[in-house]
Amino acid sequence: MILPDPIVFSKPLHVWLGILTLLFILLQISVGKRIIKIPFWWHRKVIWKIILVLAIIHGFYGFEIYFLS
Ligand code: HEM
């Protein structure tokens with residue numbers, strides 16, 4: 001394993017990162033569609049960067065678990 005995958009609240013970290021990624025994508029769509037009314041710069045400047053980082057790390061775990069272990 002290149003990145004360690006510790007158990008957090010009895011589930012591996014990569015599982016939590018996947019759930020968080022899904023929640024942030026739903027938040028991004030909700031702000032984009034004006035369902036959640038927070039300032040729009042969160043959509044254009046903040047949330048997508050959080051999604052990008054979470055998705056890259058989560059995806060890397062998937063690659064590592066499937067191909068490298
Ligand atoms: C995970 C990435 C993203 C998702 C899932 C997403 C999703 C959405 C959705 C569902 C809408 C509403 C579209 C509509 O009702 O027609 C929207 C609107 C918009 N998004 Fe995003 N978005 C993402 C990233 C971004 C980024 C990176 C930017 C700019 C830096 C951006 C800028 C905008 C703008 C300006 C609108 C308003 C468009 C309008 O109302 O005419 N979005 N987005």
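**Ground rules.** I am working with a predicted model, where local features need pLDDT of at least 70, side-chain atom pairs count only at pLDDT 80 or more, and totals for chains, interfaces and linings use all residues. I number residues from 1 along each chain as its sequence is written.

**Lys45, continued.** I counted 10 other C-beta atoms within 10 Å of Lys45, so Lys45 is exposed. My cut-offs, with C-beta atoms placed from the backbone: buried means 20 or more other C-beta atoms within 10 Å of a residue's own, exposed means 12 or fewer, and partly exposed is in between. I also checked Lys45 against Leu23, 22 residues apart along the chain, and their C-alpha atoms are separated by 17 Å.

**Whole chain.** I find two helices and two strands, and from the N terminus on they run β-β-α-α. The radius of gyration is 14 Å, well over the 11 Å that the globule rule gives for 69 residues, so the chain is more spread out than a compact globule. That radius is taken over C-alpha atoms, and the rule is 2.2 Å times the number of residues to the power 0.38. The C-alpha trace spans about 40 × 20 × 15 Å along its principal axes. Of the 69 residues, 7% count as buried.

**Contacts.** I call two residues in contact if their C-beta atoms, placed from the backbone, lie within 7 Å. Among contacts with a separation of 6 or more, 56% join residues 24 or more positions apart.

**Helix α1.** I count 20 residues in α1, and its first and last C-alpha are 28 Å apart, close to the 28 Å expected at 1.5 Å a residue. The expected span is 1.5 Å times one less than the number of residues. Which residues of α1 are buried? I have Leu17, Thr21 and Val31. They cover an arc of only 95° around the axis, which puts them on the same side of α1; the arc is that of the directions from the helix axis to the C-beta atoms. On the other side of α1, I see Ile19, Leu23 and Leu26 exposed. The cover over the buried residues of α1 includes α2.

**Ligand.** I listed what surrounds the ligand: Ile25, Gln28, Ile29, Gly32, Lys33, His43, Arg44, Trp48 and Ile51. By class I get four nonpolar, three polar and two charged.

**Positive phi.** Arg34 follows α1, in the loop between α1 and α2, and its phi is near 60°. Arg34 is exposed, with 10 other C-beta atoms within 10 Å. Ser10 is in the loop between β1 (7–8) and β2 (11–12), with phi near 70°, a positive value in a residue other than glycine. Ser10 has 5 other C-beta atoms within 10 Å and is exposed.

**Chain end.** Ser69 lies in the segment after α2 and counts as exposed, with 8 C-beta neighbours inside 10 Å. What does Ser69 touch, not counting residues up to four places away in sequence? I found Met1 and Glu64.

Key
Helices (H or I, at least four residues) and strands (E, at least two) are DSSP runs, numbered from the N terminus. A residue is near a molecule or strand if its C-beta atom, placed from the backbone, lies within 6 Å of it. Ala, Val, Leu, Ile, Met, Phe, Trp, Tyr, Cys and Pro count as nonpolar, Asp, Glu, Lys and Arg as charged, and the others, Gly among them, as polar.
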